[in-house]
Amino acid sequence: MLDNNKAILIGVCLNKIEFSKKENCLKELARLTDTAGLEVVGQFIQNRQRPDAAFYAGKGFLEKVINETGSEFPGVLIFDNELSASQNRNIEKEFELEAIDRTEVILNIFHEHARSREAQLQVRLAELQYQLPRLKKLWSHLDREKGRAAGMSGAARGMGEKQIEVDRRIIRHEISQVKKELVKVDRQKEIQRNQRDKIKKVCLIGYTNAGKSTLFNRLTDAGVLVEDKLFATLETTTRKLKLSKGRDLILSDTVGFISDLPHHLIASFRATLQDVRDADLLLHIIDISDDNFENYIEEVNKVLVQIDAEKIPQFMVLNKLDKVDPIILKERVNSRKKPILVSAKSGENIAGLLDLIDDKLHNAKKYKLLIPHTEQKTVNNLHKLADIENVDYLENGVSIIAVINREDLSHFVKYVVSSENI
Ligand SMILES: Nc1nc2c(ncn2[C@@H]2O[C@H](COP(=O)(O)OP(=O)(O)OP(=O)(O)O)[C@@H](O)[C@H]2O)c(=O)[nH]1
Ligand SMILES: [Mg+2]
């Protein structure tokens, strides 16, 4: 009996890719598979010029690895790359094993971990969009069976095709329903966001498992789930945080990034990642104990571009300082500009991190401004960005005393009459 909880991992190393990079990809796939609740019984990489059109990897190669792991009776083949519908079908038919790809593993994890209504809707949307071009897989058996029974007459062969059309319509309808619901949820969040506009927002971002939630908990006592698993966090959690000088900020912990995040998921998680786009400062958490950390930094920056957040100021926070040998740490840190080193676990240098954040965000001064009556827009903007202490309507303009942050000052500098430190 094949065991559907046991999986063989397959990677294909194409000519241009270094073998060690592919090995790292398979390591990551093994962690994803583990998070998805399956046991990995073998990992294999084939060197190839290009993917096999029918089976993605070579047919002989797949036969060999299935034989090698036969004693464990694995029921699933997991491919490190996205499979086309026909490759998927061919593999399942030929080897009588379930074939899934990395995207499906990630979708599955997101499905299992989604708690809020919003996260569930977003995962559903991603699943539907992933399914749409792959319906053939589900219905091709209809064509085969009916085709055989009717001696392969043209009409009978079309049965599966018709069913696919019906299903496509159903899926498209569900997609539009889910999208509508998401817009509703998004509108509610937008209202909440506008209500807390003046407080500075900081968002923790980084590769999955970098230690974002551990740091978040240390800073806020929020008790967010921390696990040595990929994608422990799928929801954004937000808390108010008091800094030592008495000012508040809003801190959010969010979903971890991963390389080659399925594009359906990026699209549907835009709403979750809205907090990232809205942030005044991003804390990019990096697991400095991971040999692959440079790659992960690149991958995170790529996702930031995809979600339009690459221009937001970013601090690189090198985490897990306690886990790295001091000599290696020195090498790794030397190559970075102004790094902030912390251990979220032991608490080392967390106070230093908070001071830097405070300095960056709250470098505020009190200003007296005189804004001409014709500049109502500037007055509105000032109300939005600054703490207003006094307003006087004079003949030649509005005289306002306000506390303005350094980075917002450029909008108002030409109206400043005087300033004082606070
Ligand atoms: N040694 C050490 N381990 C840490 C540190 N920070 C986090 N960890 C561990 O790293 C693992 C992942 O931590 P999380 O806080 O869940 O990581 P995350 O970035 O929130 O991960 P996702 O939510 O999955 O994206 C856990 O096993 C933590 O205990 C640290 O400073 N030192
Ligand atoms: Mg987390």
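Q: How many nonpolar, polar and charged residues are in the shell around ligand 1?
A: In this predicted model, the shell around ligand 1 is made up of six nonpolar, 10 polar and seven charged residues.

Q: And which ones are closest to ligand 1?
A: Gly 211, Ser 213, Asp 228, Thr 233 and Gly 256 are the closest, out of 23 residues that surround the ligand.

Q: Which element gives the largest share of that shell?
A: That is helix α9, spanning residues 212–220, which contributes three residues to the shell around ligand 1.

Q: Where does α9 lie relative to the strands?
A: Helix α9 lies across β5 (200–206), β6, β7, β8 (281–287) and β9 (314–319), and its direction runs at about 150° to that of β7.

Q: OK, the sheet then: what is the strand order?
A: The order is β6-β7-β5-β8-β9-β10, in an open sheet of six strands with mixed pairing.

Q: Which strands stand at the edges?
A: Those are β6 (237–242) and β10 (340–341); each has a single partner strand, so one side of each is left without a neighbour in the sheet.

Q: How do β6 and β7 pair, parallel or antiparallel?
A: The pairing of β6 with β7 (residues 248–253) is antiparallel and extends over six bridges, and Lys 240 stands opposite Ile 250 of β7.

Q: Switching to the whole chain, how many helices and strands are there?
A: The protein chain has 15 helices and 14 strands, and 31% of its 422 residues count as buried.

Q: What share of the contacts links residues 24 or more positions apart?
A: Such pairs account for 66% of the contacts in the protein chain, taking those with a separation of 6 or more.

Conventions
Residues are numbered from 1 along each chain as its sequence is written. Chains are lettered from A and ligands numbered from 1 in the order in which they are written. This is a predicted model: local features need pLDDT of at least 70, side-chain atom pairs count only at pLDDT 80 or more; totals for chains, interfaces and linings use all residues. Helices (H or I, at least four residues) and strands (E, at least two) are DSSP runs, numbered from the N terminus. A residue is buried if 20 or more other C-beta atoms lie within 10 Å of its own, exposed if 12 or fewer, and partly exposed in between; C-beta atoms are placed from the backbone. Two residues are in contact if their C-beta atoms, placed from the backbone, lie within 7 Å. A residue is near a molecule or strand if its C-beta atom, placed from the backbone, lies within 6 Å of it. Ala, Val, Leu, Ile, Met, Phe, Trp, Tyr, Cys and Pro count as nonpolar, Asp, Glu, Lys and Arg as charged, and the others, Gly among them, as polar. Two strands pair if DSSP finds at least two bridges between them. Axes are lines fitted to C-alpha atoms, for helices over the stretch in contact, and angles run from 0 to 180 degrees between N-to-C directions.
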